[in-house]
Amino acid sequence: MSAVSAVQALTEGHAHGWPLWCFVMLAAGVLVLVVFLRHQRRRQDNAPLVPLSLFRIRQFSGGMTADLMHGLLCGLFFMTWTLYLQRGLDMSPLEAAVAFVLLSVGELGGATIAAKTSGRFARRLPQAGALTATAAMVAYGLQIGSHQADLTLLAMTAPVVLIGFGLGMVSGPLADLSLARVPHEDAGSASGLFNTAIHLGIALGTALTAVVFFAITGGSPDAAVNRDAFVTVLCWVGGLLALMWALMFCLPKQADNQADNQAS
C-alpha cells in the first residue's frame, strides 16, 4: 500500500501539474509504512513478518539499500533508454531490441565472471562492477553529446556492453554478501526483503521517469529534446551507481572463508 501510493503519485504528478492529492498520497505512503513498522515492532516475539533485528546487521541493511538503488537505476535507465533509442535516434523496434541484446551479452559476461570467482573478492567485485558501469555511463553520455543524431548501433556497442558487464558483476555477489551472515532462522524473511527491495526500486525508478525524463520532454517526440532528456537521466543513474558503490562498504571486505583462515 505504501509503495502503491508513492508510485501512483510519482507517475501521475507531473501529468496533472502536481496537485495537492499527489502530496497527500506520498504522505499517506509514509504513514502506512510507519504504522506497519510499529505493528511489526509489537510482534517481534510472535512470528513477525519482518524481523527488525535484521536491520541491525550492517551488511544486510547496507546491502539491501544498495539493492534498492540497483533496482531504482535499472527502472529509470531501461525505460528511458527505450525512448531514447526510438525517439532520439529514430531506431526501429528491431534495432532497439538489438541494443538490449548487446547489453544483455555484457551482463552475461559480468555475471559469469562473478560466478566463477565464487565470492573470492568479497565486496571488491561488485564495487568494481559499479565503477565499470559508472565509467561506461559517462562515456556513453559524452558519446551522445558529441554525435547527437548520428550515433549508430555499432558506435555505441562498447559503452553499452560495458554497462551490462558492470551491472552483471553486481547482482549475484551483492545478494550473496548481503545474506551471508543472516541467522538461519531469519533466512526466509531476509531473502524476501532483499528481493522486495530490488522490485520496489524498479517500480519507483520507472515512476521517476515522469519527474526526470517526461518533465523535460513534455511527451514531445522531438529527437533533440529526447536526447537531452536521456543525458539528464544518465546523470541521475551515474549518481545512483556512485551511491550504490558507497553502500557496498557495508559488505564484508573479505570472503568468509578468507576471514576464517586468518582467524585460525
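**Notebook: helix 3 and its neighbours**

I first looked up where helix 3 touches helix 6: Gln59, Phe60, Gly63, Met64, Ala66, Asp67, His70, Leu73, Phe77 and Trp81 of helix 3 meet Val160, Ile163, Leu167, Val170, Ser171, Leu174, Leu177, Ser178 and Leu179 of helix 6. Contact here means heavy atoms within 4.5 Å. By class, I noted 13 nonpolar, five polar and one charged residues in the contact of helix 3 with helix 6. Ala, Val, Leu, Ile, Met, Phe, Trp, Tyr, Cys and Pro count as nonpolar, Asp, Glu, Lys and Arg as charged, and the others, Gly among them, as polar.

I recorded that this is a predicted model, in which local features need pLDDT of at least 70 and side-chain atom pairs count only at pLDDT 80 or more, while totals for chains, interfaces and linings use all residues. Residues are numbered from 1 along each chain as its sequence is written, and side-chain values use heavy atoms, with hydrogens and water left out.

**Geometry of helix 3 and helix 6**

I then looked up the packing of helix 3 (residues 58-88) on helix 6 (residues 157-179): the angle is about 155°, and the axes are 10 Å apart. Helix 3 is therefore roughly antiparallel to helix 6. Angles under 35 degrees count as roughly parallel, over 145 as roughly antiparallel, 65 to 115 as roughly perpendicular and the rest as oblique. Axes are lines fitted to C-alpha atoms, for helices over the stretch in contact, and angles run from 0 to 180 degrees between N-to-C directions. The crossing of helix 3 and helix 6 is left-handed, that is, the near helix is turned anticlockwise from the far one by less than a right angle.

**Helix 5**

For helix 3 and helix 5 (residues 124-147), I found an angle of about 25° and axes 15 Å apart. Helix 3 is therefore roughly parallel to helix 5. Phe77, Trp81, Tyr84 and Leu85 in helix 3 meet Met137, Tyr140 and Ile144 in helix 5.

**Helix 10**

The axes of helix 3 and helix 10 (residues 223-247) cross at roughly 165° and come within 9 Å. Helix 3 is therefore roughly antiparallel to helix 10. The contact of helix 3 with helix 10 has 19 nonpolar, six polar and two charged residues.

**Whole protein**

I noted 11 helices and zero strands; these are DSSP runs numbered from the N terminus, helices being H or I of at least four residues and strands E of at least two. The mean pLDDT is 86, and 94% of the residues reach 70 or more; pLDDT is the predictor's confidence in each residue, from 0 to 100. Over residues 258-264 pLDDT stays under 50, and the model has three contacts there beyond four places in sequence.
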